[in-house]
Amino acid sequence: MTFAVLLVYGFTFGQRTIKGTITDASGEGLIGASVLVKGESSGTVTDLDGSYSVDVPEGSTTLVFSYTGFTTKEVELGPSDVIDVIMEESISQLSEVVVVGYGTQIKSTVTGNIAKVKGEELENIPVASVEQTLQGKAAGVFIESVNGKPGGQVRVRIRGASSITASNQPLYVIDGIPITVEPQNASGADLNPLADLNFNDIESVEVLKDASAAAIYGSRAANGVVIITTKQGKAGRTKIDASYQYGFSNETGRREFLNAAEYVELFTEAAVNLDEIEGNTPDGFNWKNWVEDRFDRYSGPSDWRTGQTDTDWQDEAFNKNAPSQQANLSFAGGTEKTRFFVGLGYNEQEGILVGNSFNRMSGRLNLDHSVDDKLTIGVNMSLSRTFTDQVANDNSFSTPLQLIAQAPITPPRNFTNEPFQSGSRLVQPGELFDRPTAVYYNGLLDNEEAQRQITSFRNITNGYARYEILPGLKINAELAVDVYNLRDDAFWGSLTFTGQASNGLGDSRAVQIVNYNTRLYANLLKTVSGSHNLDITGGMEFQKSRRDLTETEGQEFPVDGLKTIQSAANITQGASSLTEFTFVSYFARFNYNFDQKYLFSASVRADGSSRFGKNNQFGVFPAVSAGWVLSNEPFLADNGTFSFLKLRASWGQTGNAGIGNFDHLGLFGAEGYNGVPGLQPTQIPNADLTWETTTQLDIGIDFGFFNDRLNGELDYYVKETSDLLLDAPVPATSGFETQTQNIGAVENRGVEFVLNSNNLVGNFKWTTNLNIAYNQNEITKLADGQDIIDPGSSSIMNVAKIGHPLGAFFGAEYAGVDPANGDPLWYINAEGGGRETTNNFSEAEFVILGSPMPEWIGGITNRFEYKGISLSIAFQGVAGNMINNSAGRFMSANGDWFDNQTKDQLDRWQNPGDITDVPKAIFISGHGTQGRSSRYLSEGSYLRLKNLTVGYEFPSSALRNIGLRRLRLYVSAQNLLTFTEYDGWDPEVSTDAFLTNTRFGIDFYAAPQPKTIAFGVNIGL
């Protein structure tokens, strides 16, 4: 009894030292885990191996162990002085650390709206750029690859589109550096500079959506901010990770076109119908005979009457089982003094279109060193080389998919053993046919006789120093540079359409963009009286970007095998240009919370830019937000339902500076007259030109049920953009037609919902992540109330019209076909005219027919795990939008010209009483083929199985004997299934040839998205 009393006395009143190790479920030591004595201010953190040692004061009986991303654990002291703890990963996302501008915060105390995607969710996805990996993973973030060309453009819209002429793309910040994202190549379709980044090096991506989160970036944050943080090394033994993936891709869908027999039938009928129209055929002329003569011509050496040739031109345009591979190798580790991450990557993709490929090699070094207890220095550096064999944009006969316009009776090549005379050219056996044998230029000639080789070298480097002046007060100094060098070498041989007239044409273009960025700012983290938590940031930033361009063109090449400009006999063009812009900024943010219950944040940024007039070069962008964590209140402390409940609201302003560098200046262009140099005025100045300003209100609720097994968020926002940058008409007496002014307004309002569920825990795990968003876009003001309509386009229907969404489709409403005579019909839609129809297109009033902008976007991912076996199923989709098949007036034109037709044209009207929506086939009559008509509009909604991955992770116990830390095998499918009513190649489309802020949702021979099956392995040492 005495011994027991003495033992209790010793535990209660005698100071002790407790030691131990903190590990995760796999046995890996957790570095930097917190160990606190409950009820006391004393504590420590774990070292390199997860070991700790803490002195326990008299009277203390409990230790508290915590680590970000893991459930906090309390352990009562017993007789042993050694306590080892295995931490369990938290099922809640509320304890996550999220990256905000110039700092980090715990998600549960954030008063803005920030979507976070972890790097592990992006790894090994068989795509080219980081935006594509985010599709369907963040609420309110619309992401669209405009077509299926690897490394091509990707549209990203955060909470809708806000601008008509300025940029609608978000600001991208990589490790603190605002980077260049504008396409720079000239030959072929535009490329995406973000494809230079290896997304396997990414630790996390944060999307700042509301003004409270984004306003710290001020004048460039109106479209949201995407913060990309790359991986860093941690103290401990070096971890080596390697991965390899091999796959193959095919198109997600095909259109059905006429075969040779159907083609002959339709066009013969169309010619006969034309012959039967009184007064349409000259005396002695027969359209049927003329069309059959064309059949003879288009058949080349084959016989169309016997069906000798039946070419599926889609087979010629698409690569079958286009291969792809990617490999990554990384080293991460360090000591308490020095930490490092080294990453190497290789990504190679053959495009699904012939002649199109993408190749990237990359390297990264992230290094930080603690000079002493106060000073830390470091560098984040990435290098990449990207090479693209590009094809022409979608609006070109040389782009592969326009091959489908060729007649199925035409052979691609001379398949005989004898030369064949095609016009003035003698086509040798095996050579490609061109006009006049082909209906149009044979784009396969570009594949074999032309090149568009685009090479970029990129260096993104950020060096920094961080000094702790006082406990909790740190000053940060950073110097960063983004150097983007692009070389664009194009050549068209003497047989190609572009090079025929000049015996070969070459073009060489070099672009260099050097983007400098310096920042100096301070962070103060301090807790006052145990409950008042302060996080204060303030500083300044300077950015300068310079772009140099040099371009040379040559003609007359001796042979097609010599493709460089040096071989050209005639240098026909040379040009160079220089442009630059600068920003200088001052910013501050104040975050406060009381006992993690009452939250407040305020920020302000003042930006000055060289892009705006001298009277408005500076803008100020404020934001405020507040939150109330109700679940930390006593009245909810013991409830059995809510484990977390937070109300929050924010208001703020951000700007858009995404315009040309000199839109505010009066400009002169160099002109020559009769060999004498001179200057000519080209632009009227506007000293008052300033930013577009977006004012946003956000009201949200974050919730967690059942110990956060079910958690999520719900937001409502109103986002109003004013002072739109538009080219407004000016009096003719000025000598100019337009001037860039601040006129116009756009509103976005919507709702976002996120739900994360840990459905099953234990040996069998099942988690669900759902996000869905609704956005309504409306133009509320334009210059002088005038709508922006392009009257010169015969098929582009997108307009900017007050009271309607940006880019809405405007045209005649198609009413089908008159059963009596096969004429196309349109609704007159005259005011007060009811629903009367007419067969005269010019009598139909143009009306709004729909919007290319989805009203609903969303994604859902289910993950299942059981004893190393994992299954991930991710769906993504959009709803409420329309697609304009702008090529429909050629490919679905009921036999109007010799373009091959889609299969549905066989349903044309033939006899009185026929009920169909395809008019009577009449050759070269434009019978219902008017492009600005809803005939070629379709529903664009779709649901896509974006990714399905099955994997097996070998247990660590089985790997120790062979020296491995990790071994995982998997098979992954991207874009595996698509459910849609759209009858085109793919509903995820905005053809690259016409793409602007208002021209999107258009399908014009655009390549579908690739469907990829990939097999991979992950190895850890």
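**The second largest cavity**

Modeller: Strand E39 supplies the largest share of the lining of the second largest cavity, namely three residues, where a strand is a DSSP run (E) of at least two residues, numbered from the N terminus. The model is predicted, and totals for linings use all residues, whereas local features need pLDDT of at least 70 and side-chain atom pairs count only at pLDDT 80 or more. Residues are numbered from 1 along each chain as its sequence is written, and side-chain values use heavy atoms, with hydrogens and water left out.

The volume of this cavity is about 180 Å³ (a cavity is a set of points on a 1 Å grid where a 1.4 Å probe fits but cannot get out, and lining residues have an atom within 4 Å of a point). Its lining is made up of 17 residues, and Phe142, Gly160, Asn775, Met853 and Pro854 are the closest to its centre. Two or more residues come from each of strand E12 (154-158), strand E39 (764-781) and strand E46 (856-866). By class, ten lining residues are nonpolar, three are polar and four are charged; Asp, Glu, Lys and Arg count as charged, Ala, Val, Leu, Ile, Met, Phe, Trp, Tyr, Cys and Pro as nonpolar, and the others, Gly among them, as polar.

For context, the structure has 15 cavities of 30 Å³ or more, and the largest cavity has a volume of about 250 Å³. That largest cavity is lined by 24 residues, with Pro126, Val127, Gln132, Gln349 and Pro1010 nearest its centre, and its lining divides into six nonpolar, 14 polar and four charged residues.

Note on methods
1 Å grid on protein atoms, 1.4 Å probe; cavity = no way out; pocket = protein on both sides within 12 Å on 5 of 7 lines; lining within 4 Å. Points joined across faces, edges and corners; volume = space filled by probe spheres on them. Helix = DSSP H or I, 4+ residues; strand = E, 2+ residues; numbered from the N terminus.
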